[in-house]
Amino acid sequence: MIPVASPLAQFSHYQSEITDAILTTLKEGNYILGHRTASFEQAFAGYCQAKHCVGLNSGTDALILAIRALGIGQGDEVITVSHTAVATVAAIIAAGATPCLVDIDADYYTLDPDKLAAAITPRTKAIIAVHLYGQAADLDSIMAIAGRHGIPVIEDCAQATGGFYKGRRVGSTGAIGCFSFYPTKNLGAIGDGGAVVTSDPQLFQKMRELRQYGWNDQRKTAAPGINSRLDEIQAAILSVKLPHLDADNRRRIAIVDRYNKAFSELPVARPKVRGETTHVYHLYVIQHDDRDSLRNHLAAAGIATGIHYVDPAHRHGGYDKIVRLPGEGLPVTDAVVGRILTLPLYPELSDDEVNQVIAAMQTYNWRQR
Ligand SMILES: Cc1ncc(COP(=O)(O)O)c(C=O)c1O
């Protein structure tokens, strides 16, 4: 079966560099917040065109710390989308705030700026723009609306590490950029990991303190924090992979070019790319009227597929009563969930495997409906 993503293929590709880095770290004997985390943080901040980075335990923690560093908590509202990894919404709740969900743009699957202004209330304290599937949200429009109301923007870059929006890396436009290094992500650890980037020294200091019990450099606390440290082994692994990330993302784009050409005559909606953005295709998502039948056909041909996501946050039992929705609901989000299908895509996918995916798509009986 060709998988949707393969952290194992990536490990095999960089195996000797990664095992060397792990062994050296083990022999150094310092496993938490040593020089490897510090140097990864510096490299990753530079890569993201930001001044500072704090390495963390996960992308969810990155969002929680970003929200808390902005002074947001009980009684406050944070606007984001429902069509995202449920982690985005879980983080708002974990920080004590109420998620107010708005609809997505039908073309790009990202927050629809036309729906944003109507969702803002006096309690709105932040907007989380999710760069879904690897493509930046419409940051100029979102930043303009947020700016008029004096509301900070957090970028959820978990799926778009290395992507660009109008010449800027994702994560460098809003007040804080949040990243996940979950193993399948474009920059993946071998375990959990995440980071925040910012160019604001005060937010940087707050997030550093929140990451470790609220401690400052003298181990004194002004506010309680949590434990969310990126460990030295994961930092060593990420430091091996970061220099290869742009090449890996280019390989993703090259595979997508092949898919797009091969599927151009098929009755599927292919991903659209917003002008002046570099989509780094964490996921290649198409739409089809009879998604489940296409999915079954591909499975029979040895091609795994995914659905990102089966349930938007406002349809999750654990979240539906907590989130706030606009009066008209989320019609675009509700319309796409039954049609979307994620095909295999990762840098190590061979040309032969790409051919197999294309062949399986072409042998589907497109006329059966
Ligand atoms: C858009 C988005 N936000 C946040 C997260 C949370 O990241 P993590 O799984 O590292 O906590 C993810 C990862 O699943 C994600 O895709």
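The model is predicted, so local features need pLDDT of at least 70 and side-chain atom pairs count only at pLDDT 80 or more, while totals for chains, interfaces and linings use all residues. Residues are numbered from 1 along each chain as its sequence is written, and side-chain values use heavy atoms, with hydrogens and water left out.

Begin by selecting residues 164-165, which form strand β6 and are joined to β10 by two bridges in an antiparallel run; strands are DSSP E runs of at least two residues, and helices H or I runs of at least four, numbered from the N terminus, and two strands pair if DSSP finds at least two bridges between them. Within this pairing, phenylalanine 164 stands opposite threonine 278 in β10.

Next, select arginine 169 and aspartate 246, whose side chains meet in a salt bridge at 3.1 Å, N to O (a side-chain nitrogen of Lys or Arg within 4 Å of a carboxyl oxygen of Asp or Glu). Because arginine 169 lies in strand β7 and aspartate 246 in helix α10 (residues 245-262), the pair ties together parts 77 residues apart in sequence. Arginine 169 is buried at 9% relative accessible area, whereas aspartate 246 is partly exposed at 28%; buried means under 20%, exposed over 50%, and partly exposed in between, with a 1.4 Å probe and protein chains only.

Finally, select arginine 324 and glutamate 77, which meet in a salt bridge at 2.4 Å, N to O.
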